[in-house]
Every structure is written in C-alpha cells, then in structure tokens.
Amino acid sequence: MVSIALQVACSLGAWLLLYICFCYWNKHRSHEWSCRLVTLLHGVIVTCLSGYVALWDGPWPLTHAGSPNTPLQIHVLALTLGYFIFDLGWCLYFQTEGDLMLFHHTLSICGMIMVLGLGKSATEVNAVVFVSEITNPLLQTRWFLREVGCYHTFLGEVVDFFFVFLFLVLRIGGGALIMYAMVTSPDPSWLLKAGGLAMYVVSLGFMAEICRFIRRKMVKKYHSWTSLRSMNAPVKTNGHLAAH
C-alpha cells in the first residue's frame, strides 16, 4: 500500500510540475490554458494506457468484474488518481467548474482510492476510465479552437461530431455494459457498485448538457439556413421577378 501511495504522490507531483512548466512557457496565456494542456496530455496518455489494459492486456472487464488488480492496472489508476487530485484542487482554487464536474471528480477519486485499497476491481474501473477519458482530448481541442478563433470552421464541426459520437457510443453505451457487468457480478464491493451507478448518473447529466448543446446548435444552423435562403430568394415586384 505504501508503494501505491508513493506512485500516486509521484503522479500528483509530475502533473503539478508539468502545469508549472506550461505556465512558465505560456506566460501570455491564462492559467486555464496551461491546465487544459495538462488535461489534454493526460487524456491522450491515459486513454492509450487504459485502452491497452482493457482491450488487450486484460482481463476482460465484462466477464471478470471484481478480479484482483494487476500491476499495470495499478500503475494506470495511480497515474490517473494523481491527475484527478491535481485537477480537483485546481478547479476548487480557481472556481471554474460547476457542482456536477466537482461531484464527478470527487466520485472518481474516491472510487480509485477504494479500488487500490481493496486490491480488486481495477479491471472494471480501468474500463470506465477508458470510456470516460477517450472524449477528453476532443473536449479540450474544442476549447482551444474557441480560444484561437477556429471553432466555427470545418475542423470545429469534425471535432464536435466525434466528441458527441464517442460520448454516446462509448461513455453512455459502453458505460452501461460495464455497469451491468459490475452490478450483476458477486465479486465487486457493494459500495463500489453504488459509486459506479452514481458515476453513470453523472454521465447521464453530462449527456443532458450535450443534448441541450446539440439542440442549440441545430436551431442556430436552421435559423442561419432559413436566413440565407430568404436572402437568396428572388424578389417579386408587382407580380414580376425583380432583376438582380
């Protein structure tokens, strides 16, 4: 357990040091810019690591929920736990996030601490990390595109599409499969099952926000299309088409 605590402490220190370096290298940018660079890097690294563990190294999370933690699973969760502690502290200090995101971070930290302490169930928690973090690089890319004035471009549309698609398919669809495997398996702790269900409810809350975003975007596009169509429509004068 001391070894795991040391890994988490090293992870927290590494993410904090990286943030300080980004702040130094981007003095003309905001603190949020540097924090989101850390978040983007964490998302890419942890998505690759957790995806490898869940899909290749095993054991398979849908059939082995509650199985003993493997060394690689422990390393990935320790790395992620250190990041979440850093990010939660940053969000609380700068007060940039709402209650839903703070609750998400708190649940994530408690869940990973429990799994690392119990010595089991890292299989399914690692899979949850994978389906949750895979959309994070796209989310951060959206923010950076807004900051540099490139969001309302074709690239912005592509990023939005893949963000929504991956969120619905993996985080909501894949997350439901993982939760079902966890809840129906006799091995995971009942407290971990309750936390997993709470985490899935949080994901549904995020989905509701995404649906509202999609609705606003579609309405805006519809109004833009109808306005453009009315401008290009031929104008009639005394029953005859006016010359352009």
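**Close-up views of a predicted model**

The structure, a predicted model, holds 2 salt bridges.

**View 1. The salt bridge between Arg 36 and Glu 32 in helix H2.** Arg 36 is joined to Glu 32 by a salt bridge in which the closest N and O atoms lie 2.9 Å apart. The two residues are 4 residues apart in helix H2, about one turn of the helix. Arg 36 has a relative accessibility of 15% and therefore counts as buried, the limit for that class being under 20%. Glu 32, at 25% relative accessibility, counts as partly exposed. Arg 36 is also one of the residues that lie nearest the centre of the largest pocket.

**View 2. The salt bridge between Arg 142 and Asp 160.** In this pair the closest N and O atoms are 2.4 Å apart. Arg 142 and Asp 160 are both buried.

**View 3. The edge-to-face pair of Phe 22 and Trp 25.** The structure holds 13 aromatic pairs. For Phe 22 and Trp 25, the ring centres are 6.0 Å apart and the planes stand at 75 degrees, so the pair is edge-to-face; the class requires an angle over 60 degrees. Both residues belong to helix H1 (residues 2-25), where a spacing of 3 residues separates them by about one helical turn. Phe 22 counts as buried, with a relative accessibility of 14%, whereas Trp 25 counts as exposed, with a value of 55%.

**View 4. The edge-to-face pair of Trp 143 and Phe 144.** The centres of these two rings lie 5.2 Å apart and their planes meet at 85 degrees, so this pair too is edge-to-face. Trp 143 and Phe 144 are both buried.

**View 5. A cluster of aromatic rings.** Trp 15, Tyr 19, Tyr 83, Phe 84 and Phe 86 are linked into a cluster by ring pairs.

**View 6. Arginine charges over aromatic rings.** The charged end of Arg 29 sits over the ring of Trp 33, at 3.9 Å from the ring centre. In the second contact shown, the charged end of Arg 146 sits over the ring of Tyr 151, at 4.0 Å from the ring centre.

**View 7. The largest pocket.** This pocket has a volume of about 960 Å³. Its lining comprises 33 residues, and Arg 36, Glu 97, Met 101, Leu 139 and Phe 206 lie nearest the centre. Two or more lining residues come from each of helix H2 (31-57), helix H3 (71-94), helix H4 (99-118), helix H5 (122-133), helix H6 (136-147), helix H7 (154-184) and helix H8 (190-232). H6 supplies the largest share, 6 residues. By class, the lining of the largest pocket holds 14 nonpolar, 9 polar and 10 charged residues.

**View 8. The second largest pocket.** The space in this pocket amounts to about 350 Å³. Its lining is made of 21 residues, of which Leu 107, Ser 108, Gly 111, Val 125 and Met 199 are the closest to the centre. H4, H5, H7 and H8 are the elements that contribute two or more residues to this lining, and H4 gives the most, with 7 residues. The lining of the second largest pocket divides into 14 nonpolar, 6 polar and 1 charged residues.

**View 9. The largest cavity.** The count of cavities of 30 Å³ or more comes to 1. The largest cavity has a volume of about 80 Å³. It is lined by Val 128, Val 131, Ser 132, Arg 171, Gly 175, Met 179, Gly 196, Met 199, Tyr 200 and Ser 203. At least two lining residues come from each of H5, H7 and H8, and the largest share, 4 residues, comes from H8. The lining of the largest cavity consists of 5 nonpolar, 4 polar and 1 charged residues. Met 199, in this lining, is also among the residues closest to the centre of the second largest pocket.

**View 10. Thr 39 in helix H2.** Thr 39 lies in helix H2 and counts as buried, with a relative accessibility of 7%. Thr 39 and Ile 4 are separated by 35 residues in sequence and by 22 Å in space, C-alpha to C-alpha.

Conventions:
Residues are numbered from 1 along each chain as its sequence is written. This is a predicted model: local features need pLDDT of at least 70, side-chain atom pairs count only at pLDDT 80 or more; totals for chains, interfaces and linings use all residues. Side-chain values use heavy atoms; hydrogens and water are left out. Rings of Phe, Tyr and Trp (its six-membered ring) pair if their centres lie within 6.5 Å; planes under 30 degrees apart count as stacked, over 60 as edge-to-face and the rest as tilted. Buried means under 20% relative accessible area, exposed over 50%, partly exposed in between (1.4 Å probe, protein chains only). A charge sits over a ring if NZ of Lys or CZ of Arg is within 6 Å of the ring centre and within 35 degrees of the ring normal. On a 1 Å grid over the protein atoms alone, a cavity is a set of points where a 1.4 Å probe fits but cannot get out, and a pocket is an open set with protein on both sides within 12 Å along at least five of seven lines; lining residues have an atom within 4 Å of a point. Grid points are joined across faces, edges and corners, and a volume is the space filled by probe spheres set on the points. Ala, Val, Leu, Ile, Met, Phe, Trp, Tyr, Cys and Pro count as nonpolar, Asp, Glu, Lys and Arg as charged, and the others, Gly among them, as polar. A salt bridge is a side-chain nitrogen of Lys or Arg within 4 Å of a carboxyl oxygen of Asp or Glu.
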